[in-house]
Amino acid sequence: MLLLNVVAIPKDDPIAFTFFTGYMAMLAASVFFFFERSRVSDKWKLSLLVSGLITGIAAIHYYYMRDYYMATGENPTALRYIDWTLTVPLMCVEFYLLTKGAGAKIGLLWKLILASVWMLVAGYIGEAFNPVGGSASHSVMWGVISTLGYLYILYTAWFGEVAQLASRSGDPLVKRGVSILAWFILVGWAIYPIGYMCMPGGWLNSAFGWSSGSVDLFYNIADAINKIGFGLVVYSVAIQATANERVSS
Amino acid sequence: MTKLTFSFIAVIYILVSITSFSGGIDIAVQLVIASAAIALVGIPHGAMDNVLYLADHAVSPFWFYTSYLAVIAAYCTLWMFLPIVSFVLFLGVSAYHFGESQLSDYYKEAGFVRGAMFFLWGVNVLSALMYYNHEDIMMAFGAFEDASVLTAVFDEYFWQYALMVSATALIFILGVSKTKISHSSLMMELYVLVLIHLSFYVLPFVLAFTAYFVVLHSARVLMEEYDFLQRHIRQFDVKKFIKTLLPLTLVSLVGGSLGVLLVESSVLEVSYLMLAVVLLSLITLPHAIVMSGFYLRDEG
């Protein structure tokens with residue numbers, strides 16, 4: 001009875017494969033982060049909770065995206081953006097939590113959240129409300145608007161408030177953690193505009209015939225690396241910092 | 001990452017956002033943007049050669065200007081008799097110069113490895129431009145009788161080969177050389193190189209090269225020149241810097257405009273493209289020589 005609704009996974013469908021593995025990997029990462037909370041000192045518990053929430057929210061959305069893809073064979077655009085709209089701001093929260101000890105104010109948190117929501121909402125409008133057949137002006141305008149949000153976050157992580165706070169903290173662990181997360185923003189997040197350019201009229205669509213379906217594979221892998229990787233960086237900082245605190249006390 | 005590198009990343013992301021859907025930007029618009037950017041940043045970055053050289057060498061200004069102009073005159077003569085050789089020289093000097101400005105922070109002392117890394121980096125960038133935009137470049141040069149002579153240099157397979165060999169050689173020398181670059185710097189340089197390749201592949205070649213040349217090369221050199229002069233000249237500020245680079249910038253712009261006028265009035269029987277290539281090469285060679293000395297200066 002339990003198996004009646006199981007959908008067969010085609011052997012030659014890597015996208016379906018990665019939806020399944022992505023869902024399980026995110027779920028496993030969430031369990032890991034939640035359990036490991038008890039091993040870190042109090043000031044790091046919130047950071048691990050947020051890491052667990054990021055992968056947990058993604059796991060649930062991947063569960064639904066998996067089913068949507070298996071049932072329709074289509075790209076679950078709306079579900080992806082719903083997931084990103086929740087998890088990306090939470091990733092920005094991690095920057096705030098990492099630099100809170102160095103004096104980060106709540107204003108920094110709101111600025112990063114606003115920038116990430118700006119980036120995602122603009123991207124969604126550009127992708128989901130693209131007129132049938134594709135409209136260059138619509139896609140360009142919302143693509144540029146979305147990119148501005150991304151560049152603000154990138155600047156903040158590399159030169160702005162986050163980078164300056166990490167530098168002023170004098171804590172090598174925090175500096176290293178912020179630096180690695182900044183690299184995630186620079187390289188890891190850069191993969192997402194690829195899907196945007198696969199829209200009708202987009203460069204990847206015109207030059208290579210790529211459609212949004214083609215990049216589900218990249219999105220699934222990128223999401224897993226970015227979200228789980230992000231959490232693991234925070235985890236490693238928390239564990240090491242806790243160990244240092246125990247040694248010094 | 002430096003703020004300049006960030007600016008380059010920002011410019012490329014915005015340009016890619018714009019051009020990925022717009023179906024390309026009209027060549028006339030591209031040329032206007034390129035001309036303005038080069039006039040405002042590209043030309044001025046070379047307009048400090050006299051100040052930089054004379055600040056660090058005990059020679060008379062007369063000797064400097066005579067030598068500078070002699071190099072230009074000799075190169076001009078070479079162009080008249082051996083245009084293909086001159087063009088290859090232009091590409092070779094540019095490659096070295098681009099690599100030098102990008103990697104000089106890591107390689108301070110003269111040596112084979114230093115020279116090889118600079119040249120190979122520049123060759124990698126130029127071959128990316130040539131290979132990814134081969135058709136467009138052939139079309140542009142082929143449209144003019146005098147410039148079409150230079151299409152012999154644009155063999156697609158040569159630039160593909162140059163691209164692969166330069167990348168391989170760069171990795172090899174990086175691995176075996178004694179000079180060690182920090183992990184984060186290496187990652188950043190790799191990221192920038194990938195971004196340059198991406199921009200040359202995705203963007204129209206005029207726009208892509210302008211973005212690289214103006215933001216990553218010229219602006220960086222201008223900042224280095226400013227830092228140097230600020231350390232050597234008392235009360236040196238941005239205003240003084242602009243005043244210092246203004247004279248030779250204006251000379252270059254006036255010279256260029258004169259060239260255009262001569263072509264317009266058929267006194268000079270060359271195409272505008274050939275005029276641009278020759279004029280740019282004539283100021284690149286002495287500039288690259290001066291900058292080579294600048295990067296090897298003893299700051300002790």
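Glu36(A) is buried, at a relative accessible area of 13%, where buried denotes under 20% relative accessible area, exposed over 50% and partly exposed in between (1.4 Å probe, protein chains only). Its side chain meets that of Arg39(A) in a salt bridge with an N to O distance of 2.8 Å; a salt bridge is a side-chain nitrogen of Lys or Arg within 4 Å of a carboxyl oxygen of Asp or Glu. Arg39(A) counts as partly exposed, at 45% relative accessibility. The model is predicted: local features need pLDDT of at least 70, side-chain atom pairs count only at pLDDT 80 or more, and totals for chains, interfaces and linings use all residues. Side-chain values use heavy atoms, with hydrogens and water left out, residues are numbered from 1 along each chain as its sequence is written, and chains are lettered from A and ligands numbered from 1 in the order in which they are written.

Over all chains, the structure holds ten salt bridges. In one of these, Lys43(A) is paired with Glu245(A) at 3.9 Å, N to O. Lys43(A) lies in helix α2 (residues 42–72) of chain A and Glu245(A) in helix α10 (residues 216–248) of chain A, so the pair ties together parts 202 residues apart in sequence. Helices (H or I, at least four residues) are DSSP runs, numbered from the N terminus. Lys43(A) is exposed, at 58%, and Glu245(A) is partly exposed, at 30%.

A further salt bridge joins Asp216(A) and Arg80(A), with the closest N and O atoms 2.8 Å apart. This pair links helix α10 of chain A, which holds Asp216(A), with helix α3 (residues 77–99) of chain A, which holds Arg80(A), across 136 residues. Asp216(A) is buried at 0% relative accessibility, and Arg80(A) is buried at 2%. Salt bridges with shared partners join Arg80(A), Asp83(A), Asp216(A), Asp223(A) and Lys227(A) into one network.

Between chain A and chain B, about 2000 Å² is buried, 83% of it on carbon and sulfur atoms; buried area is the accessible area (1.4 Å probe) that two parts lose on being put together, summed over both. Zero salt bridges are found across this interface. On the side of chain A that touches chain B, α5(A) gives the most, with twelve residues. That side divides into 20 nonpolar, five polar and no charged residues, with Ala, Val, Leu, Ile, Met, Phe, Trp, Tyr, Cys and Pro counted as nonpolar, Asp, Glu, Lys and Arg as charged, and the others, Gly among them, as polar.

Key. Helix = DSSP H or I, 4+ residues; strand = E, 2+ residues; numbered from the N terminus.
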